[in-house]
Amino acid sequence: MKNRSTIAGVVLAGLATGAAAWYLFGTSNGKEVCNKLMSSVKDMSGSMKDMSSSVMDKAHDTISQLSDRVNGVSDRVMA
């Protein structure tokens with residue numbers, strides 16, 4: 001009985017996947033949705049690159065400031 005329910009689940013998942021693929025690639029409305037989705041993904045990718053660059057710059061600045069402070073403290077301790 002368990003095998004039948006597993007098979008039924010796989011068949012239903014396959015049908016749902018096929019229906020989604022048909023909608024996205026087989027209809028003009030679906031192609032429009034797909035194009036909008038791809039455009040959004042590209043925009044988000046660009047935003048993520050900009051954000052990661054900004055975070056890296058801030059991290060570099062913070063590490064430089066911390067290094068300067070540590071060097072200043074060690075200079076005072078050694079003097």
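Predicted model: local features only at pLDDT ≥ 70, side-chain atom pairs only at ≥ 80, totals over all residues.
Me: What makes E32 and K36 a salt bridge?

Reply: Their closest N and O atoms are 3.4 Å apart. The rule asks for a side-chain nitrogen of Lys or Arg within 4 Å of a carboxyl oxygen of Asp or Glu, so this pair qualifies. The count by this rule is one salt bridge. E32 and K36 sit four residues apart in helix α2, which means about one helical turn separates them.

Me: How do you know that the protein is more spread out than a compact globule?

Reply: First, the makeup: two helices and zero strands, where helices (H or I, at least four residues) and strands (E, at least two) are DSSP runs numbered from the N terminus. The radius of gyration is 27 Å, while the globule rule gives 12 Å for 79 residues, so the protein is well over that value. That radius is taken over C-alpha atoms, and the rule is 2.2 Å times the number of residues to the power 0.38. The C-alpha trace spans about 80 × 40 × 10 Å along its principal axes, and 4% of the 79 residues count as buried.

Me: What about N71: why partly exposed?

Reply: N71, in helix α2 (residues 28-78), has 40% relative accessibility, so it falls in the middle class. Its C-alpha atom lies 34 Å from that of M48, 23 residues away along the chain.

Me: Which residues make the nonpolar surface patch?

Reply: I7, V11, L12 and L15 make it, with about 410 Å². Patch members need over 30% relative accessible area and no salt bridge, with nonpolar side chains (Val, Leu, Ile, Met, Phe, Trp, Tyr) joined within 5 Å and like charges within 9 Å. L12, in helix α1 (residues 2-26), has 56%, so L12 is over that limit and counts as exposed too. Areas come from the Shrake-Rupley method with a 1.4 Å probe; for residues, only the protein chains shown count as cover.

Notes. Residues numbered from 1 in each chain as written. Heavy atoms only, no water. Buried < 20%, exposed > 50% of the residue type's maximum accessible area, 1.4 Å probe, protein only.
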